[in-house]
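Visitor: I am new to this structure. Could you take me through some of its parts?

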Amino acid sequence: MIVILVVAIVVLTIVNLLLGSVDIPLKNVCRILFGDTSESEIWQNIIWKSRLPQALTAIVAGAGLAVSGLQMQTVFRNPLAGPSVLGISNGSALGVAFVVLLSGRIGGVALSRLGYLGDAAMSVAAIVGALAVMMLIVWIAQKVKGNVTLLIIGVMIGYLANAIIGVLKFLSPEEDVKAFVVWGLGSFSRVSGDEMILFVVLMCILLPLACLLVKPMNLLLLGDRYAANLGLNIRRARMLVIVSSGVLVAIVTAYCGPIMFIGLAVPHLARAIFRTSDHRILMPATALCGAALALVCNFIARMPGFEGALPVNSVTALVGAPVIAAVLFRRHRDEIGE
Amino acid sequence: MKKIYAFFVIGLFLCLGFSCSQKGKAPVNSFAEADSVMNPKYATGYQVRDSNGVRLVDVGKDYHFALVTADVDIPDGYTKVNVPIKNTICMTSLQLSNFTILDAHDVVKGLTGTKNLFNKDILQRVKDGRIVKIGMEGNFDTEMVLAANPDVIFISPSKRGGYDAIKETGITLVPHLGYQELDPLGQAEWIKFVGMFIGKEKEANEFFAGIESRYNELKEKASAATTRPTVLSGEMHYGNWHAVGGKNYLAQIFRDAGADYVINDEETSGENLEFEKMYSLAANADYWRILNSFPGEFSYEVLKASEPRNELFKAYKEKKVIYCNMKQTPYYEISPVEPDLLLKDFVAIFHPELVEAGYQPTFYYLLK
């Protein structure tokens, strides 16, 4: 199954490289990919500086969000948990809102110049916002015992961040609000050049690190008491998983904007396909499914015909929701009689 | 895949449903024949005729106003407006520019906001409280609107709405559709429209005649130029390029200034393009026009830092970026009513030999 997924990802990557709003014939794409520099410079730049970064971004972002979602669902033993549930994505949105919407007011020129240069400044703000919320959550996690309490506090923090964003939006001129809204649509195509390489490298370090946590995650599934009896330091394990998940979301959100849905839904898809709850399999499976789904969405968003790329966030749910609902339905429809 | 298509089809029907339900009433033409028709020459958004001493103005398909100076009967389907109006509220800087040129700031009692506004007289009036700020479209402060006590409000309707609350108060809303005009002279000609409402028709006509002759003269000269450079426009944000289409105001100015805009279809006035599409169209364009609000000095370094792929364009490599900073130049306050100045800036860049030596641009200059 894993092999099939890997093959699917390779195929989807190639499809992503082949198709776009500009028609480039198959054989020219192949030649460019094999390093032929005699092809049209415009086409070379399109492949190397636009399509390839976009495909790579989609792969690592999809994998990162999916893994993060799986971690949250396991820690909270709640199938509706996702990366946004602890208010971490709201935290990054708040960070960006501060840069975009308040740039004219606080700090005057310095901050808003940063805001302009920035896509970089926005990434920093998003990470700072997300990590700040995460620290808060971790601090609370040490103080409170129940998972549900923590979950509810997380959701409240999310609401709080949203409320502040609402006030900022209300007070800001239209252009700034629009810039913020566009950021919120999410996109795999805003990263390019060195930033993209940094992003991919970061994710390539963080994803394997997340996989190191499979053992405590398996134990957490058994319930707190069992896990504690088996020698697991529950508080520490819970915190490590939350931190890992939070960092993944923070970084993906910083580079791609808040991408919804993948984090919540892909773990279910992986569970349905692999019929297991063993994280040793589920973790890589979720990462691969996430990457594949992100590639599918990226491809559909850019299909010739809707030139100009639909917002990724609309496509993830529009395409993903029926697919995942269908898979779950087929797996579970007979269970009612059992 | 079938499921996906089904979703799109449903969405499409929803959209159609909404757009159908918004059509208004057709104009009623039961009144006597028009005595004289004074339709604008370039503007397409409004029409004017005199009938039995009543000035009838049709704006778009759905709005009909009868401008009267005394209490007379007006045709059915028309809204009576007593002119000249004494108080009004403007929604955009384009509208405000009409009042500025006609020296009629006294009439303006309210604005949506003062961001990027340069006019000292207006700013002073806002400070003194003679002009109130009524808030953004979609979120007007109805109390402020009522306090300004306008005879009519010039609106600039877009999708965000928020006009219903004002409508309830019984104030006449007059759409100023200048921003929809695709021809620069058409946009400038809306000054005549405002002129009719505030009793400054003569001034407006004279002013526009000057603009028209200067614009057409320069356009004539530019059309004779032997070379026609190509231009791209705008910036990419988050991987998408909101490009003005070939049918846009700006594309028309480029053509009139003796250049060609890279998007040559006459169909769209604006569209979202992916990087690769824009790049394939514009990689070798000679010039690149950018208009933004950048705090501080804009430069090629900033342009590259904002998006590393910007350096791939020929216009970037050859330092042919045409730039205007809205933080330093009152672009939207002046350019809509004086397109001849805008045209001259572009001609001075595309064909320097056609303007006088030592020409100082009003808005756009070549970024060093």
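Visitor: How do helix α13 and helix α15 of chain A lie relative to each other?
Guide: This is a predicted model. In it, the axes of α13 (residues 262-274) and α15 (residues 312-332) of chain A come within 10 Å and cross at roughly 30°. Angles under 35 degrees count as roughly parallel. Therefore α13(A) and α15(A) are, relative to each other, roughly parallel.

Visitor: Which strands are at the edges of the open sheet in chain B?
Guide: Five strands form this sheet with parallel pairing, in the order β8-β7-β6-β9-β10. An edge strand pairs on one side only. In chain B these are β8 (132-133) and β10 (172-175).

Visitor: Which residue in the turn between β2(B) and β3(B) has a positive phi?
Guide: β2 (residues 46-51) and β3 (residues 54-59) of chain B run antiparallel and are joined by six bridges. Asp50(B) stands opposite Arg55(B) in β3(B). The two strands form a hairpin with two residues between them, and the one in the turn with a positive phi, of about 50°, is Asn52(B).

Visitor: And which residue has a positive phi in the turn between β3(B) and β4(B)?
Guide: Strand β4 of chain B (residues 63-68) pairs with β3(B) in the antiparallel sense over five bridges. Val57(B) has Phe65(B) as its bridge partner in β4(B). Three residues lie between the strands of this hairpin, and the turn residue with a positive phi of about 60° is Gly60(B).

Visitor: How many residues of helix α9 in chain B are buried?
Guide: Helix α9(B) spans residues 249-256 and is mostly covered. What covers its buried residues includes α6 (184-188), α8 (201-223) and α14 (339-350) of chain B. Among the buried residues are Tyr249(B), Phe254(B) and Asp256(B). Of the eight residues in α9(B), the number buried is seven.

Visitor: What distance separates the centres of domain 1 and domain 2 of chain B?
Guide: The domain assignment places domain 1 at 26-82 and domain 2 at 227-366 of chain B. Taken over C-alpha atoms, the centres of these domains are separated by 39 Å.

Notes
Residues are numbered from 1 along each chain as its sequence is written. Chains are lettered from A and ligands numbered from 1 in the order in which they are written. This is a predicted model: local features need pLDDT of at least 70, side-chain atom pairs count only at pLDDT 80 or more; totals for chains, interfaces and linings use all residues. Two strands pair if DSSP finds at least two bridges between them. Helices (H or I, at least four residues) and strands (E, at least two) are DSSP runs, numbered from the N terminus. A residue is buried if 20 or more other C-beta atoms lie within 10 Å of its own, exposed if 12 or fewer, and partly exposed in between; C-beta atoms are placed from the backbone. Two residues are in contact if their C-beta atoms, placed from the backbone, lie within 7 Å. Domain bounds come from an automatic or database domain assignment. Axes are lines fitted to C-alpha atoms, for helices over the stretch in contact, and angles run from 0 to 180 degrees between N-to-C directions. Angles under 35 degrees count as roughly parallel, over 145 as roughly antiparallel, 65 to 115 as roughly perpendicular and the rest as oblique.
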